Amino acid sequence: MSFSTLSLSSELIHALPKEINKPSDIQALVIPEMLVDQDVLALANTGSGKTLAYSLPLLEKLKANTEQQALVLVPTRELAIQVSDAINQVGQAVDLSALCLCGGVDKERQQQALANNPAILVATTGRLVDLLKDGLDLSRVHYLILDEADRLLDMGFWPDVQSVATHTSTQRQTAMFSATFSEELKQKAKQLMQSPKQVSAHQENSTNKDIAETLYLVNKGSKTKALIELVGLHNWSQSLVFIGAKENADSLTKKLNKAGVSAEALHGNKSQAEREAALAQFKSGETKVLIATDLLARGIHIEQLPVVINFELPMHAETYVHRVGRTARAGKQGVAMSLVCHGEMEALTAIRNLTQRELPLQDLEGFPVTDQPSTGESKRAPRDKKANRRTNSKKSIKQFQSKPKRQAPRAK
Ligand code: AMP
């Protein structure tokens, strides 16, 4: 199948990058539906080309009706920037542009840019609600797209999504894209859509078949060494490492750098400018290893990323699917490795159940497992309150030593 059989105009088809020469599965399914004004509920693997699946029909329609506007809601700033860049790349061929509206960026500048009537708004819900309070008019929005809809729901943005939807045209067309669909999301989706057509380019909650998954059972305390060993051994051009807590991301990054591996951390405690810089450095290949929290698990595309490593398994099984989906994008092969310790067996079982994959655990050479499987019982002896009080009242020699002087904070 070619793009020209999808009733897209030749200007748009010619504006596509050379490597995009035939529609992906999700594009072949979604584009015809959106072009005939059908509401769509689309289940698509990460990296399947879903951004163009909705952007191309939006541009096609908006080109014919410049009075109308489209609104794309996304859960994170990073995704907002990525989506608006992707739209602008193609949109300029038909003189249409996308404006990114997300937090961390000067609001006044966004308001000035809004005065130019951009055809497509790509927004995170927080900033959009803020702009609505300042009088933003969304009545020309005839197309509403919810990208990563399950994450919009998981992150608690749904009330904002619903409120934003009430400001758009009642004649609007709505499309939702997500890599996973829970019953709750399907129910919520129906409230915003009219008889949506459900399309699916992959098996629900499955991981991409082009990803080779390996799971190593290791001691909890050996994970850092194991990671350094794996990165050194495989000599991947780049690796994206997922970790649970923001605080641990920084300390792991320090340890890697100390071991001579160029690593950067990316998490929600960093400023927007720092987040963008860390991501840009990784995308450009300058940083070899990026240690990220789940802020990055969805939506973000990193060109030819060869490997994703789970330093810790995620709490939610669906997040595993999103994390490993950062590799093997757009039909390329990828590797996903996970370092699993005994304490993570419950999370592993949930991932196995969700993906319906065996995901066997292997030994990692040079890292014998000496931790004992958890019995589910607390290792702590029952608390002896008296003993605690005795311990607390004990004085340590340190208390008698003079405290070291605090150093003045260094100027940034
Ligand atoms: P997305 O799932 O929208 O984040 O897209 C993932 C990557 O696939 C992006 O780099 C797109 O440029 C690329 N892509 C999108 N559509 C196609 C296509 N039909 N053929 C090859 N690559 C594509």
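The sulfur of Cys100 is 3.7 Å from the closest cysteine sulfur, which belongs to Cys102, and this is too far for a bond. A disulfide is a covalent bond between the sulfur atoms of two cysteines; here a disulfide is counted when a pair of cysteine sulfur atoms lies within 2.5 Å. By this rule the count is 0 disulfides. Cys100 is buried, with a relative accessible area of 19%, and Cys341 is also buried, at 5%. The term buried stands for under 20% relative accessible area, exposed for over 50%, and partly exposed for values in between (1.4 Å probe, protein chains only).

The structure is a predicted model, in which local features need pLDDT of at least 70 and side-chain atom pairs count only at pLDDT 80 or more, while totals for chains, interfaces and linings use all residues. Residues are numbered from 1 along each chain as its sequence is written, and side-chain values use heavy atoms, with hydrogens and water left out.

A search of the whole structure gave 14 salt bridges, a salt bridge being a side-chain nitrogen of Lys or Arg within 4 Å of a carboxyl oxygen of Asp or Glu. One of them joins the side chains of Lys63 and Glu11, at 3.8 Å from N to O. Lys63 lies in helix H3 (residues 50–64) and Glu11 in helix H1 (residues 10–15), so this pair ties together parts that are 52 residues apart in sequence. Helices (H or I, at least four residues) and strands (E, at least two) are DSSP runs, numbered from the N terminus. Lys63 is partly exposed, at 29% relative accessible area, and Glu11 is partly exposed at 39%. Glu11, Glu60 and Lys63 are linked in a network of salt bridges.

Lys61 forms a salt bridge with Asp37, with the closest N and O atoms 2.2 Å apart. Lys61 lies in helix H3, whereas Asp37 is in the loop between helix H2 (25–35) and strand E1 (40–43), so the parts joined are 24 residues apart in sequence. Lys61 is buried, at 10%.

In a further salt bridge, the closest N and O atoms of Glu148 and Lys50 are 3.3 Å apart. Glu148 is in the loop between strand E5 (141–147) and H7, and Lys50 is in helix H3, so the pair ties together parts that are 98 residues apart in sequence. Glu148 is buried at 0% relative accessibility, and Lys50 is buried at 7%.

In helix H6 (residues 125–133), the buried residues include Thr125, Arg127 and Leu128. Just after H6, Gly135 takes a positive phi of about 105°.
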